[in-house]
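These are my notebook entries on a single protein model. I record what I looked up, in the order in which I looked it up.

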Amino acid sequence: MSNTLATRGRISLTRYLIERERSADGQAPLPPALRLLIEVVARACKQIAYEVGKGALGGVLGEAGTGNVQGEAQKKLDVIANEMLLEANEWGGHLAAMASEEMATVFPIPEHYPRGEYLLLFDPLDGSSNIDVNVSIGTIFSVLRCADGVAPGEDAFLQTGDQQVAAGYAVYGPQTQLVLTVGQGVAVFTLDRETHSWILTDDHVQIPADTQEFAINMSNRRHWDAPVTRYIDELLAGKTGPLAKDFNMRWVAAMVSDVHRILTRGGIFMYPRDAREPEKPGKLRLLYEANPMSFIVEQAGGAATDGRTRILDLEPTKLHQRVAVFLGSKNEVQRVSGYHR
Ligand code: F6P
């Protein structure tokens, strides 16, 4: 990561967004309603960070005893984070509807609240198998526009990732950070735990085009398709193999944390389609995970594909659609995508 704006004193999230509203550098100015919406999401992430931080002292660990639409057991913090995002965003007047990885269908803005022009999608707590073991987890979000006169039902959310107007994530780790793009590069804010504000700590995130680090769940190797097995075998062959360099492997098992490492120092993240559930094209969700992360990664100079197609070009057909994901340092994403063709 490198800095320009971040060296000019302490810049809060609000000030950063207001500077984007006044955009003088030829970029489309950020609409004030979108700024306010992002601020509400960021505030909810702050609240979630405090809940996460309570751990066993706050009674927030363990299973909720419920299942989500994907048939996965929900953790208490999955449910708490989902509620916090809904409550924070339902009354502000910026949204027409919300959709969450944890809910079967869309959440329309209640009639007694004003309705706005945006749609918010989120994965309230990504990597939730890490919660109880105190390893970094996060919240991912994506913002779309709801076209005039369109009812904010499920179909309104089925837009290509290219149409996102903002995307971001918060990572709850040793530091709590918010990573954001409004289509003008990627900025990182660190939560100042003394003043409770998001402070800009990097406004020019760049993913190096080359890397010697990869992230994949190796235990699934026997289920992969041939192009993925070929690529991973080449990475493992190191200096003596066709790529002629050694690679290191890291896998946190929370997409937020693995992508955050890649934004920080490069790398390639992969969750390929595999043979365990042949009817599903991958594990990760297109609208809640792959699209927002791909928007961020591309804005930082990286690339993201499903092996064949740029993720941001994929036409979604359902809200909880899954997809294979290869993202990060451009040259490696291009190499493994080339093996699929
Ligand atoms: O959303 C699913 C998720 O938790 C991602 O955050 C993460 O990258 C992946 O699943 C981990 O999968 P696995 O449990 O197979 O390692």
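I take a contact to mean heavy atoms within 4.5 Å. The model is predicted, and I keep that in mind for every entry below.

**Entry 1: Glu-101.** I first located Glu-101, which sits in the loop between β3 (95-100) and β4 (107-108). I then listed its contacts, leaving out residues up to four places away in sequence. Glu-101 touches Asn-68, Val-69, Gln-70, Glu-72, Phe-122, Asp-123, Pro-124, Arg-285, Tyr-288, Glu-289 and His-320. Is Glu-101 buried or exposed? Its relative accessibility is 5%, so I count Glu-101 as buried.

**Entry 2: the protein as a whole.** I noted seven helices and 17 strands. Along the principal axes, the C-alpha atoms fill a box of roughly 60 × 50 × 45 Å. I checked the radius of gyration: for 341 residues a compact globule would have a value near 20 Å, and the 19 Å of the protein agrees with this. Of the 341 residues, 58% count as buried. I also looked at contacts between residues at least 6 apart in sequence, and 64% of these join residues at least 24 apart.

**Entry 3: surface and charge.** The accessible surface comes to about 14,100 Å², and carbon and sulfur atoms account for 50% of it. I compared the mean positions of the 34 positive and 42 negative charges and found them 5 Å apart.

**Entry 4: aromatic pairs.** A pair of aromatic rings is described by the distance of the centres and the angle of the planes. I found four aromatic pairs in the structure. In one of them, the ring centres of Tyr-231 and Tyr-339 are 6.1 Å apart and the planes stand at 70 degrees, so I record the pair as edge-to-face. This pair links distant parts of the chain, with Tyr-231 in helix α4 (residues 226-237) and Tyr-339 in helix α7 (residues 330-340), 108 residues apart. Tyr-231 is buried at a relative accessible area of 0%. Tyr-339 has 19% relative accessibility and also counts as buried, because the cut-off is under 20%.

I next examined Trp-251 and Tyr-271, a tilted pair with 6.0 Å centre to centre and 50 degrees between the planes. Trp-251 lies in the loop between β12 (248-249) and α5 (255-265), and Tyr-271 in strand β13 (residues 268-271), so the pair ties together parts 20 residues apart in sequence. Trp-251 is partly exposed at 25% relative accessibility, whereas Tyr-271 is buried at 9%. With Phe-269, these two residues form one aromatic cluster.

Technical notes
Residues are numbered from 1 along each chain as its sequence is written. This is a predicted model: local features need pLDDT of at least 70, side-chain atom pairs count only at pLDDT 80 or more; totals for chains, interfaces and linings use all residues. Side-chain values use heavy atoms; hydrogens and water are left out. Helices (H or I, at least four residues) and strands (E, at least two) are DSSP runs, numbered from the N terminus. The radius of gyration is taken over C-alpha atoms; the globule rule is 2.2 Å times the number of residues to the power 0.38. Buried means under 20% relative accessible area, exposed over 50%, partly exposed in between (1.4 Å probe, protein chains only). Accessible areas come from the Shrake-Rupley method with a 1.4 Å probe; for residues, only the protein chains shown count as cover. Lys and Arg count as positive and Asp and Glu as negative; His and the chain ends are not counted. The place of a charge is taken as NZ of Lys, CZ of Arg, CG of Asp or CD of Glu. Rings of Phe, Tyr and Trp (its six-membered ring) pair if their centres lie within 6.5 Å; planes under 30 degrees apart count as stacked, over 60 as edge-to-face and the rest as tilted.
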